[in-house]
Amino acid sequence: MPLVSEQLPNLMNGVSQQAYTMRLPSQAVRQVNGFSSVVEGVNKRLPLKYLAKIIEGKANKAYVHTINRDVSERYVVMIFNGSIKVFDLQGNEKTVAYPDGKGYINAQNPQNVFRCVTLADSTFVVNTEKKVAKSSKKSFTPPAQGVVFIKAVNYDITYTVKIDGAVKATHKTADAYGTKPKVSIGGVVDALVASLKSSLGSGWDVVGEGPTVNIARKDGAEFELDVEDSNGSTMSRAIYDEVQRFTDLPVVCRNNFVVRVIGTEGQSNDDYWLKFRTDSGNQFGAGVWEETVAPDVDVGFDPASMPHQLIRKSNGSFELRRVTWGEREAGNEESSPWPSFVGKTIRDIYYDRKRLCLLSDTNVIMSRAGDFFSYFRRTVVSLLDDDPIDVSASGSKVSILQYAVPFNKNVVIFSGQSQFVIEDKALLASKPPAIKEINAYEIDAGAKPVAVGKTVFFPLRRGAYSSLMEYFIIPETETTDASDVSKHVPTYIPRDIFRLAASTTTDVVLSLNRGNRNRVYVYKYYWAGDQKLQSSHSYFEFREDAEVLGAEFIGDIAYMVVQYNDGVYLETLEMNEGVTDENQGFVTRLDRRVNETHTSTTYDQIADRTTYTLPYTPTNNIMVVTRPEDTPRKGDTAYVTADVVNVSGKTVTVKGDFRHRKVYIGERYSFVYEFSPPVLKTASQTGGSATVGAGRLQLLRWYLMYANTGYFRAEVKSQHRNKYSYVFAGKVLGTSSAKVGEVEMSSGVFPFRVNGKSDRTSITIINDSFLPSYLIGAEWEGRYDRRTSRI
């Protein structure tokens, strides 16, 4: 039976559910509360730190959004059914006013319903259940009025004005023979005005101005207007509600007179409307014609049904209010149609190249460039590059768009069954961008995908479980590809993921799901160029009554909103290497950790008991540990674990006098790492390696390499045998730094005996203390016995 051994150079690739013969040496059976690092190996995660209690009672279905404006302006927003709460990162609640009421934020399940995007001081809130409605406002409808435009004058010309088919005024200019008295346009206008006033009576308003006779009924009733001249009607024109060409219009007219310019005969979609504006602002006079909206048409959206703005005011308070959305400025519903979101719900909102973009049904609707609130064309005479864009996604399946993620100067659009990309470098209305289908994955639509650098992560639903997909850019070619980064853990992440959070500084993606609310599933990865060196899955587990409602990274710190039985709390979880606590060379690992400044302390001198009143209700796992003093007194020793004698409500009572001691108080949590069963491998004929299946591998000893570690224990359990535990407590006999009564962090190799068949023996490392453990590698040795030899 020859001795054999194998080294496990690192333990940084988390859990694998593949057959143990197929796993990498760096993968494990189980990893709980362990953080996989390419620098420090797998280590007991940093603690969940208490920041503040923010809500009394329950908030299970709240939607959580983080505002990260700058280093001094960061907030957590929680949207409930009918209300919004805003907190700064110290847990201080901000006042929220509702000048337009709370109707828009009514939702039975806010966590599923709302979407938010923050731009500067404004956060847009979208209710995905609200159908966008038109407002009741109509465009200006001018009273019935007409204009007789005298274009030219000559001798011996007869001008005739008809109203409702009857002749109401006639004027003939002077004869061309004889003395030839002077004729003028003004003279014709004055004569027609006098004749019309005489024939129409007091119920009409007739005014002459320049070359025009302006006619209107005082009761506003409509009428028919016509004018003829004896020169084949080439010297005059009647303008009532429409003209054929813009050049048919006078430069003097009634202020606010509206006329329709007919475009191509038989086509109405190129018609447009003009309104006259006098230069002086007077009722009549010279001026200009400006494009306007058609009379008596719906011009805008009902602001109560459109996204709202949550705005931070100068005094630090917030206000949820309706937006003043741009109205139709030109044309009618045919030439300037409604955006496709009208009558439908808006599913997501994002910002791209000076446009506020909305997803609705199968369309992406982009605002006018530089004007977030305008979704109508500025003019219908010509299509401008900065006009709104409304494009549809088409693919192999029905594509109801759900999410949009700006990514690598592009935008990735997700529907329930397909993924698309908008790649155009410029968003021009004259050349609308194409929405190109890139994949056809069935996503878990409960969680919005997240972009991290040149990667987008999104969840897929696979039966009762979820997979995590990675859409990324291949550095060498700048092309894109997608892969399932959880292929080796197909039944690990539960379905119904409702939030993804990612850190660009620590290469971490967190998944929150509705099935295991006290767990956060962690994906840790690391790229070196175009080669992925790390792909680690594990989970963090918190108190049994904990429900993680939301998480968002700011730098390498995850800000988490957590529901407990006694309320909702804002807590932080740091994920980085090389972190230490004040005055000590490591971080004290206690969840919901507070120090003495967060508590009120009393001392019972007779009973020699110190009682701490905490800002939350602890469990029996609570621990009180002294920490280094700035100026130690005689007899003060750091890292003393106080003896807890009673836990009641929010109070914790310990033996001894700790009134003047600096302490950390928090709850124990366990780090668990179970190694994969060792296997022997040999070179295969194809140049790789193959697992040796025959024979018996008997494990003898295990060597665990550690660094800067204070505690762990190794548990060995062989089938049908008792469990054996081997404890490492940080001190190594014979080293000069090992002192009685002090905590020692050390590095080295910890050997322990196994004596079990490899495939029937589990080897688990556990750390349930407040001290750190960093496991950087391992090696095993055993005996291998084979009754046959290969040929």
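Visitor: Let's start with one residue. Which residues does phenylalanine 341 touch, not counting those up to four places away in sequence?

Guide: Keep in mind that we're looking at a predicted model. Phenylalanine 341 touches Val132, Phe301, Met306, Ile346, Leu358, Ser360, Ile365 and Tyr375. A touch here is a contact, with heavy atoms within 4.5 Å.

Visitor: What makes a group of residues a nonpolar core?

Guide: The members must be buried residues of the nonpolar kinds, joined through side-chain atoms within 4.5 Å. The largest such core here has 37 residues, and Phe341 is among those with the most contacts inside it, along with Ile79, Ile84, Phe301 and Leu310. Elements giving two or more residues to this core include β6 (63-70), β7 (73-80) and β8 (83-88). Its largest share, four residues, comes from β11. Another core, of 35 residues, lies apart from it, with Tyr50, Phe553, Leu614 and Ile665 among its members.

Visitor: Why is serine 135 called buried?

Guide: Buried means under 20% relative accessible area. Serine 135 has 16% relative accessibility, so it counts as buried. You'll find serine 135 in the loop between β12 (122-127) and β13 (145-150). Its contacts, leaving out residues up to four places away in sequence, are Asp298, Gly300, Phe301 and Asp302. Over the whole chain, buried residues make up 52% of the 791 residues.

Visitor: What makes β48 and β51 edge strands?

Guide: Look at the open sheet of four strands, in the order β48-β49-β52-β51, with antiparallel pairing. β48 (600-604) and β51 (644-648) each have a single partner strand, so one side of each is left without a neighbour in the sheet. Neighbouring strands of this sheet are turned by 20 degrees against each other on average, ignoring direction.

Visitor: And how do you know that β49 and β52 pair?

Guide: Pairing takes at least two bridges. Five bridges join β49 (residues 609-613) to β52 (residues 651-655), so the pair qualifies. The two strands run antiparallel, and threonine 613 stands opposite threonine 651 in β52.

Terms used: Residues numbered from 1 in each chain as written. Predicted model: local features only at pLDDT ≥ 70, side-chain atom pairs only at ≥ 80, totals over all residues. Heavy atoms only, no water. Axes fitted to C-alpha atoms, helices over the stretch in contact; angles between N-to-C directions. Buried < 20%, exposed > 50% of the residue type's maximum accessible area, 1.4 Å probe, protein only.
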